[in-house]
Amino acid sequence: ALPFALLAAFAARPDSMPWSRFALLLVPVLACMVLARTWAMLINRLVDRELDAKNPRTERRAFAAGSLTQSFGWGLALACAAGFLIACSGFWFLIANPWPVYLALPVLGWIALYSLTKRFTWACHLFLGTSLAASPLAAAIAIDPRTLGLASDALAPVVPGVTTFLLCLAAMVTLWVAGFDIIYALQDVDVDQRLGLFSVPSRLGVAAALWLSRALHSAAATMLFLAWRSDARLGTLFGIAVALAAALLIGEHLVLARRGKQGLDAAFFTFNGAVSLVVGALGIADLLT
């Protein structure tokens with residue numbers, strides 16, 4: 001989600017903000033991203049340690065195998081949460097923006113919730129999507145809370161269309177992540193069924209899961225197109241990014257259709273990694289030109 005967060009930060013930068021100040025703000029943005037992701041990953045590994053130990057694919061993970069203690073894991077997770085709060089306070093100090101501090105604990109709680117959702121709902125994939133979609137919204141709020149209506153300044157209005165762009169981008173991330181998380185869950189269909197866990201493949205079957213993933217990725221491409229059309233600053237480069245992202249998503253599903261589970265690594269890691277990099281890099285380049 002880092003390329004999307006950086007793209008949102010660039011989109012939210014007000015014209016009146018000097019580039020030197022903006023570059024300084026990117027430091028706590030990056031720190032918050034790293035700390036929040038580490039917090040969420042640690043919580044996931046800790047609360048799932050017993051489930052991971054029963055899955056041949058995950059039984060060697062550090063907490064599941066017992067090579068790292070729970071106390072160490074919880075201590076590190078709390079340290080990340082504390083570091084996240086400190087990084088959020090940087091925006092208050094640098095640009096008198098208190099919103100990252102106000103929202104820090106709710107954000108940490110929300111992105112940790114995903115680890116529990118697989119126990120009671122097959123919509124766990126959408127929960128993960130919203131967790132990652134929080135990153136571009138959070139980055140925009142940190143740079144300029146007015147972009148999402150959390151502050152107002154009649155003398156310096158926000159760029160027209162930026163709010164719609166950010167919301168469409170967050171919706172795209174939600175749908176995109178949910179779609180590829182369903183693909184990822186194909187690896188554990190039998191284990192999820194045996195352990196009574198909820199996932200789309202385990203509850204609806206592999207064929208239905210693949211069709212739902214395709215539908216989600218089609219909707220994600222649509223939201224990315226709407227994001228492009230909502231902000232007049234975005235032109236040809238971002239249009240190319242939209243087309244490339246759509247092509248990559250189509251390629252991902254073609255690989256799965258032809259190779260089945262043997263194509264999971266290419267579909268999940270290669271294609272999805274390329275989507276985020278292409279959209280983030282070309283979007284930022286377009287905003288800078």
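This report walks through a few features of the predicted model shown above.

## About the model

Because this is a predicted model, local features need pLDDT of at least 70 and side-chain atom pairs count only at pLDDT 80 or more, while totals for chains, interfaces and linings use all residues. Residues are numbered from 1 along each chain as its sequence is written, and side-chain values use heavy atoms, with hydrogens and water left out.

## The nonpolar core

Let's start inside. The largest nonpolar core contains 84 residues; such a core is a set of buried Ala, Val, Leu, Ile, Met, Phe, Trp, Tyr and Cys residues joined through side-chain atoms within 4.5 Å. Buried here means under 20% relative accessible area, exposed means over 50%, and partly exposed lies in between (1.4 Å probe, protein chains only). Helix α8 (residues 162–185) gives the most to this core, with 15 residues. Helices are DSSP runs of H or I with at least four residues, numbered from the N terminus.

Trp39, Phe165, Met172, Trp176 and Phe238 have the most contacts inside the core. Leaving aside neighbours within four places in sequence, Trp39 is in contact (heavy atoms within 4.5 Å) with Ala77, Cys80, Ala81, Leu108, Ile111 and Ala112.

## Helix α7

Helix α7 covers residues 124–143, and 28 Å is the span it should have at 1.5 Å a residue. That expected span is 1.5 Å times one less than the number of residues. The end C-alpha atoms of α7 are 30 Å apart, which agrees. The helix is mostly covered, with 14 of its 20 residues buried.

Leu68, Phe72 and Leu76 make a nonpolar surface patch of about 240 Å². Patches like this use residues with over 30% relative accessible area and no salt bridge, with nonpolar side chains (Val, Leu, Ile, Met, Phe, Trp, Tyr) joined within 5 Å. A salt bridge is a side-chain nitrogen of Lys or Arg within 4 Å of a carboxyl oxygen of Asp or Glu. Areas come from the Shrake-Rupley method with a 1.4 Å probe. Leu68 lies in the loop between α4 (62–65) and α5 (70–95), and counts as partly exposed because its relative accessibility is 35%.

## Loops and the end segment

Asn55, in the loop between α3 (49–53) and α4, is buried at 7% relative accessible area. Not counting residues up to four places away in sequence, Asn55 touches Asp188 and Val191.

Ala96 sits in the loop between α5 and α6 (99–117). Although not a glycine, Ala96 has a positive phi of about 55 degrees, and its 59% relative accessibility makes it exposed. In the segment after α13 (264–288), Thr289 is exposed too, at 75%.

Note on methods: Helix = DSSP H or I, 4+ residues; strand = E, 2+ residues; numbered from the N terminus. Patch = residues over 30% accessible without salt bridge, like charges linked within 9 Å, V, L, I, M, F, W, Y side chains within 5 Å.
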